[in-house]
Amino acid sequence: MLAEAVKYAAARLRGQGDPHGHLAQQVAIWARHKRHSAAWEPHLARCRGLALSAARACPEGSRRTALVLGPGLLLDVPLDELSALFQTVVLADMAFVPEVRARANRLGNVQILQADLTGCLDRLPEAGTQPLADVLAELAAGLPGVDFAYSANLLSQLPLFALDALPPEWGEEQRAGLAAALVRQHLQGLAALPCPACLVTDVIERGLRQGEVEYEADLLFGVDVGLTGENWIWDMAPGGEAVPGLDVERVVLGASTVRPALA
Ligand SMILES: C[S@@+](CC[C@H](N)C(=O)[O-])C[C@H]1O[C@@H](n2cnc3c(N)ncnc32)[C@H](O)[C@@H]1O
């Protein structure tokens, strides 16, 4: 807890705001990753490997900007390799810890972009009753030639912060409707980008007691991603860490590009 408090304070002291709790979540992920780095590594290596092979498939003459969505702590991002492959790498997230900013600075061609990838967090609850903007199109329009995008374990997280910002008067159905709309907004935004867009996302959470499934939860609010890709298990919180007595794992979907399947 002390290490987490110090990490959080260090980021805040260097000017990183936290209006919706994204920095706090990143610090919590940092702490959990430290506790379970060995259990997480197969998942993280698979994410990095998939993103890298998708990036390498971009034609050599079209490697201007690689856009990484939800890079967080860069655990699942092959940043050095993307930096070597593309003229520019843009990291778009709501918060950045100082270590990530420093790593980006050292590479020289990596830009940090603090942005809300739902486009509505600051305008909730009103914005939750209106059509959602095409945030990714707006983002890409402001960048010099996006030739590759990688959505890095972001999709299932997008609705959570929005749900937290809603008042108690919002009923379950209305909440679930907004959450599903945010999932669809991201998927459609990726599919509409003028480049290959690699998606890695957790889709299902399972709690297991001695290997037997005790609960299973849909992390995408009923939205069918409609993609075939690779599936694997992320051993997220073994040994009762998140839920007493249970090993919590997530089923992950990785697709090297969302475009053909959704076109
Ligand atoms: C589960 S983490 C992804 C793991 C991350 N790629 C890593 O390696 O640390 C989800 C990331 O999405 C970001 N995120 C969540 N909602 C967001 C939003 N509305 N706009 C931008 N980033 C968001 C969080 O700040 C966090 O870094």
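The model is predicted, so local features need pLDDT of at least 70 and side-chain atom pairs count only at pLDDT 80 or more, while totals for chains, interfaces and linings use all residues. Residues are numbered from 1 along each chain as its sequence is written.

**Overall fold**

The protein chain contains nine helices and eight strands, which are DSSP runs (helices H or I, at least four residues; strands E, at least two) numbered from the N terminus. Along its principal axes, the C-alpha trace spans about 50 × 40 × 40 Å. Of the 263 residues, 37% count as buried, meaning that 20 or more other C-beta atoms, placed from the backbone, lie within 10 Å of the residue's own.

**Nonpolar core**

In soluble globular proteins, nonpolar side chains tend to be buried together. A nonpolar core is a set of buried Ala, Val, Leu, Ile, Met, Phe, Trp, Tyr and Cys residues joined through C-beta atoms within 7 Å. The largest one here has 63 residues, and L67, V68, L69, V89, A149 and C198 have the most contacts inside it. Helix α8 (residues 172–192) gives the most to this core, with six residues.

**Ligand surroundings**

Around the ligand there are 24 residues, of which G70, G72, L73, L75 and L117 come nearest; a residue counts as near if its C-beta atom, placed from the backbone, lies within 6 Å. Helix α2 gives the most to this shell, with three residues. The table divides the shell by class.

| Class | Residues in the shell |
|---|---|
| Nonpolar (Ala, Val, Leu, Ile, Met, Phe, Trp, Tyr, Cys, Pro) | 14 residues |
| Polar (the others, Gly among them) | seven residues |

Note on methods
Buried ≥ 20, exposed ≤ 12 C-beta atoms within 10 Å, placed from the backbone.
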